[in-house]
Number of protein chains: 4
Amino acid sequence: MNFDKLKALYINCTLKRSPDKSHTSTLMKVSQDILRKEKVSFEEIRFIDYDIASGIYPDMTEHGWEKDDWPKIQKKIMESDILVFGSPIWLGQKSSEAQKLIERLYGMSGETNSKGQSIYYGKVGGCLITGNEDGAKHCAMGILYSLQHVGFSIPPQADSGWLGEIGPGPSYGDTEWEEEKIDPPMGFDSDFTNRNVTFMTYNLLHLAKMMKANNGYDNYGNSAEGWEDGSRWSFENPEYR
Amino acid sequence: MNFDKLKALYINCTLKRSPDKSHTSTLMKVSQDILRKEKVSFEEIRFIDYDIASGIYPDMTEHGWEKDDWPKIQKKIMESDILVFGSPIWLGQKSSEAQKLIERLYGMSGETNSKGQSIYYGKVGGCLITGNEDGAKHCAMGILYSLQHVGFSIPPQADSGWLGEIGPGPSYGDTEWEEEKIDPPMGFDSDFTNRNVTFMTYNLLHLAKMMKANNGYDNYGNSAEGWEDGSRWSFENPEYR
Amino acid sequence: MNFDKLKALYINCTLKRSPDKSHTSTLMKVSQDILRKEKVSFEEIRFIDYDIASGIYPDMTEHGWEKDDWPKIQKKIMESDILVFGSPIWLGQKSSEAQKLIERLYGMSGETNSKGQSIYYGKVGGCLITGNEDGAKHCAMGILYSLQHVGFSIPPQADSGWLGEIGPGPSYGDTEWEEEKIDPPMGFDSDFTNRNVTFMTYNLLHLAKMMKANNGYDNYGNSAEGWEDGSRWSFENPEYR
Amino acid sequence: MNFDKLKALYINCTLKRSPDKSHTSTLMKVSQDILRKEKVSFEEIRFIDYDIASGIYPDMTEHGWEKDDWPKIQKKIMESDILVFGSPIWLGQKSSEAQKLIERLYGMSGETNSKGQSIYYGKVGGCLITGNEDGAKHCAMGILYSLQHVGFSIPPQADSGWLGEIGPGPSYGDTEWEEEKIDPPMGFDSDFTNRNVTFMTYNLLHLAKMMKANNGYDNYGNSAEGWEDGSRWSFENPEYR
């Protein structure tokens with residue numbers, strides 16, 4: 001398989017600013033190591049390192065905010081074929097940074113590509129979640145839902161992550177807990193996590209490659225602009241049946 | 001576009017047994033009318049019309065249940081390229097029948113196709129939700145999450161549905177509420193619902209066609225059997241870095 | 001503290017019919033052992049052992065079902081001060097039986113007590129969740145939400161449960177996994193689970209006792225019948241400001 | 001009924017900074033009008049108007065952040081008997097500000113009151129959600145779950161809000177949509193919303209009053225410090241049965 005034309009963007013929605021250690025970033029590296037060997041280019045950014053305004057418009061400096069780095073992130077997403085959305089878990093829920101990213105992606109809903117479709121059509125998305133006990137699936141539900149809703153395609157088994165047992169405990173990649181050494185680092189020997197991160201990574205590649213070969217989705221039946229202009233394809237108004 | 005080799009299965013997880021009127025079924029017809037005109041074959045079933053055992057094994061008659069119609073449903077899913085998962089909303093949540101369907105799909109996790117992948121690889125899924133006020137997105141989160149987790153691919157904007165305003169009120173397709181006639185039937189003139197059902201339907205067709213053309217996913221990097229047998233492709237154990 | 005006039009009902013929404021072993025039931029016993037020593041009477045039932053119809057009316061035999069054991073369960077709930085709602089987790093979500101119980105509780109929304117309030121006013125609720133890796137908080141979100149929505153009061157830390165590490169593994173109370181003995185049984189030595197089950201149990205008792213002493217909620221400001229009859233207390237219609 | 005010793009804090013998790021119009025704030029006023037007439041003191045703040053650091057420690061200035069207004073908010077919560085948690089909905093989910101508030105509340109988990117309980121014990125919480133189409137119940141699930149988990153008590157029917165019909169449309173309190181006047185303002189005449197906001201408000205008052213009369217919860221069976229020190233009350237370790 002040759003995936004070398006593809007580009008991936010990892011957005012880590014940790015609450016920790018660089019250079020603080022992020023467990024989610026540690027897990028992202030497992031996926032990125034695969035991309036490196038498959039000659040797929042990628043970039044990882046932390047959402048919180050940027051000065052992102054709150055709101056749901058493409059550029060919040062036009063709505064009263066002094067600064068807004070979102071357009072920079074948006075540009076990176078547009079240049080990528082794959083988005084890997086990373087989040088830690090707080091009280092069983094995705095982070096506030098993750099929800100902020102969703103809000104900004106959603107804020108692009110009105111934008112369309114040259115086919116009249118939502119601008120994220122043709123891109124694929126997955127997620128990587130880390131937490132020390134509970135909530136990976138719940139976070140993935142909200143994240144993958146949001147991605148498909150704004151235009152991404154989701155391949156099989158696109159949710160992966162790591163969790164410890166219930167209660168406080170070490171997080172992914174930790175080498176110490178309550179003064180005891182952990183070797184290998186926590187979670188590194190989880191066959192389950194290793195397998196799922198691998199499957200997610202490859203499925204994103206496979207689907208992104210298919211999307212690229214097909215030039216995304218044909219706009220027959222899904223063009224927002226087309227609908228606006230009166231195209232209905234084979235849709236028939238239920239009123240007139 | 002020619003979609004005529006594709007087959008779709010609509011599973012309605014209403015709590016109402018046939019022939020009682022299901023609002024979710026009424027909405028399904030909007031999508032099915034498109035398929036008919038596009039010459040795509042389809043079938044609609046109600047999960048509750050079958051005698052489905054509770055549990056998480058492929059055939060619960062091997063686990064103490066006298067009867068289990070799940071293998072019949074499973075066969076229909078395997079013969080289809082597209083699964084449209086329909087659910088009503090109760091207290092903001094997908095129906096108990098919807099969760100039962102998820103449990104049975106999940107119960108097939110151990111089964112693999114000839115490439116060693118989960119058996120639902122290569123199939124695509126979407127959902128149709130009806131409720132009289134709130135919860136369509138929440139239901140879609142759980143349903144689409146579950147579908148991708150067991151192997152389905154999710155195209156863009158694969159969640160669609162209809163909801164009324166907050167509080168009690170007429171449901172999709174109702175022609176009367178509190179002794180007043182509703183004409184056209186409730187929701188039939190919702191441009192938003194009509195558009196979203198159309199986009200979902202076509203995106204399912206586009207992605208299913210791509211899947212068929214590619215014979216699903218290559219098993220490089222995602223074969224459960226391969227992993228079991230020691231294949232790791234470009235995955236590198238993080239312990240050994 | 002004297003809690004001996006209180007009664008608790010444990011409804012286990014496992015997918016396993018009696019006498020199959022339920023891990024959720026095993027965890028319920030930890031809570032019940034406290035009640036026994038505190039001289040609080042209790043009963044545990046499995047929802048799936050009953051012949052409960054699907055639907056959202058108080059008695060589905062009036063809506064086409066041949067049989068419906070819900071009125072029996074409803075009677076048990078009415079005779080109790082405390083409801084402990086137990087559920088296993090399937091694919092990060094509460095069981096189909098749990099959702100069915102929610103649907104039936106919701107189906108009682110139209111019924112009112114002698115004060116004109118929803119009939120579950122004055123009762124308190126909590127939940128116990130078991131799973132082998134992920135989803136306890138997510139299940140608790142849906143369950144506790146539903147309980148308060150239909151009239152139950154929720155004390156602090158009313159969610160408790162047990163989860164193993166990510167991936168397949170033993171469940172609560174298991175004494176063997178992949179041919180290795182587990183001693184003590186899985187989870188029995190989890191200080192976190194033991195503490196949380198204890199806190200939940202006592203907080204349910206404390207709040208139930210307060211409710212009993214206050215004869216539930218005064219109906220000033222919360223009577224469905226009162227509102228229907230035009231009572232508005234200090235509510236002022238925002239239109240008229 | 002006399003509620004005049006009680007204090008309520010409304011935290012609005014809108015994405016809009018003052019003095020921009022917040023629909024959630026408009027709905028909060030319906031509840032506050034009741035408090036005013038019942039002589040209950042209250043304050044409303046917008047979380048986003050403060051400079052709140054991201055993270056999960058009580059004071060993030062001790063963890064590398066230059067500024068953190070959380071201690072100011074925390075002080076206001078401690079001085080209140082009632083917390084009304086308000087959130088808008090974005091893509092069916094509570095706002096990023098709402099999740100940030102949850103993270104900061106959760107960050108206080110290690111703190112205890114003079115009885116050794118979580119510091120929010122004895123306080124009561126509810127939520128007010130506004131959105132233009134879908135997600136109020138889903139948002140309430142996450143919010144009420146989080147509140148009870150950190151120590152708040154939840155009275156019956158503590159979730160209320162307003163939603164419009166599916167698709168784009170006016171929000172709560174809007175007086176214009178697509179160049180047409182709306183009079184009365186959108187949602188003001190919703191009997192359902194008016195009733196539910198009223199019930200929530202009064203139930204918060206009733207339960208807060210009960211809590212005050214009981215001096216919160218007795219610490220028999222729920223003291224974090226007590227557990228730490230070896231108290232077990234009637235809990236019996238399941239290992240030793």
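A: The account below goes through one interface, then a second one, and then some pairs inside single chains.

This is a predicted model, in which local features need pLDDT of at least 70, side-chain atom pairs count only at pLDDT 80 or more, and totals for chains, interfaces and linings use all residues. Residues are numbered from 1 along each chain as its sequence is written, chains are lettered from A and ligands numbered from 1 in the order in which they are written, and side-chain values use heavy atoms, with hydrogens and water left out.

Chain A and chain B come first. In this pair, 62 residues of chain A are in contact with 61 residues of chain B, where contact means heavy atoms within 4.5 Å. About 5400 Å² is buried between chain A and chain B, 61% of it on carbon and sulfur atoms; buried area is the accessible area (1.4 Å probe) that two parts lose on being put together, summed over both. The residues of chain A that lose the most area to chain B are A:Tyr145, A:Met210 and A:Trp227, together 11% of what that side buries.

Chain A can be laid on chain B by a turn of 180 degrees and a shift of 0.0 Å along the axis, with an RMSD of 0.0 Å. That is the relation of a two-fold axis. Copies are superposed by least squares on the C-alpha atoms of residues with pLDDT of at least 70 in both. The same surface serves both copies, as 98% of the contact residues of chain A recur in chain B.

Between chain A and chain B the count is 2 salt bridges, a salt bridge being a side-chain nitrogen of Lys or Arg within 4 Å of a carboxyl oxygen of Asp or Glu. The side chains of B:Arg232 and A:Asp191 meet in a salt bridge at 3.8 Å, N to O. There are also 29 residue pairs in polar contact across the interface of chain A and chain B, both at pLDDT 80 or more. A polar contact is a pair of N or O atoms within 3.5 Å; within protein, one must be able to donate a hydrogen and the other to accept it, and residues adjacent in sequence count only if both atoms are side-chain atoms.

On the side of chain A that touches chain B, two or more residues each come from α1 (23-37), α4 (136-150), α5 and α6 (224-228) of chain A. Helices (H or I, at least four residues) and strands (E, at least two) are DSSP runs, numbered from the N terminus. The largest share of that side, 11 residues, comes from α5(A).

A:Thr198 is found in this helix, α5 (residues 191-213) of chain A. A:Thr198 counts as buried because its relative accessibility is 0%; buried means under 20% relative accessible area, exposed over 50%, partly exposed in between (1.4 Å probe, protein chains only). The side chain of A:Thr198 reaches the backbone oxygen of A:Asn194 at 2.7 Å. Leaving aside neighbours within four places in sequence, A:Thr198 is in contact with A:Ile34, B:Gly221, B:Trp227, B:Trp233 and B:Phe235.

Chain C and chain A form the other interface, with 22 residues from chain C and 22 residues from chain A. Chain C and chain A bury about 1800 Å² between them, 64% of it on carbon and sulfur atoms. Of the area that chain C buries against chain A, 35% is supplied by C:Asp134, C:Lys137 and C:Ile166, more than by any other three residues. A rotation of 180 degrees with 0.0 Å of shift along its axis superposes chain C on chain A, with RMSD 0.0 Å. C:Glu165 comes closest to the rotation axis of the residues of chain C, at 2.1 Å (C-alpha).

The count between chain C and chain A is 4 salt bridges. In one of them, A:Lys137 pairs with C:Asp134, the closest N and O atoms being 4.0 Å apart. A:Glu133, A:Asp134 and C:Lys137 are linked in a network of salt bridges.

Over all chains, the structure holds 56 salt bridges. Within chain C, C:Lys76 forms a salt bridge with C:Glu43, with the closest N and O atoms 2.9 Å apart. This pair links helix α2 (residues 70-78) and strand β2 (residues 41-46) of chain C, C:Lys76 and C:Glu43 being 33 residues apart.
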